Amino acid sequence: MGDNTPSNQIAPKPAMVFRRPIDWAIGPIRSIAGALIAHGGIALYFGVTCPEIADYVHSSEFQSEVLTDVETINV
């Protein structure tokens, strides 16, 4: 049977801890990055129309080996 004494067990690694200013800066940086990504998605959603996507797909600038043209436009 195995020996389960504390002498042969490995202690768990402590969690990564940042200094307090860095810790406080991580939250706002991630919030700003998330807001920029969300605004980019909103701009694409309202700025690009289905006919523009269809023209782009039919002009052979975009090719997919998995999706048909109709599926690509719908996605």
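Q: Which helix holds Ile 22?
A: This is a predicted model, where local features need pLDDT of at least 70, side-chain atom pairs count only at pLDDT 80 or more, and totals for chains, interfaces and linings use all residues. Residues are numbered from 1 along each chain as its sequence is written, and side-chain values use heavy atoms, without hydrogens or water. Helices are DSSP runs of H or I with at least four residues, strands are E runs of at least two, and both are numbered from the N terminus. Ile 22 sits within residues 20-47, which form helix α1.

Q: Is Ile 22 buried, partly exposed or exposed?
A: Buried means under 20% relative accessible area, exposed means over 50%, and partly exposed lies in between, using a 1.4 Å probe and protein chains only. Ile 22 has 36% relative accessibility, so this residue counts as partly exposed.

Q: How is the aromatic pair of Tyr 45 and Phe 46 arranged?
A: A search of the whole structure gives one aromatic pair. Rings of Phe, Tyr and Trp (its six-membered ring) pair if their centres lie within 6.5 Å, with planes under 30 degrees apart called stacked, over 60 edge-to-face and the rest tilted. Tyr 45 counts as exposed at 63% relative accessibility, and Phe 46 also counts as exposed, at 65%. Their ring centres are 4.9 Å apart and their planes stand at 85 degrees, so the arrangement is edge-to-face.
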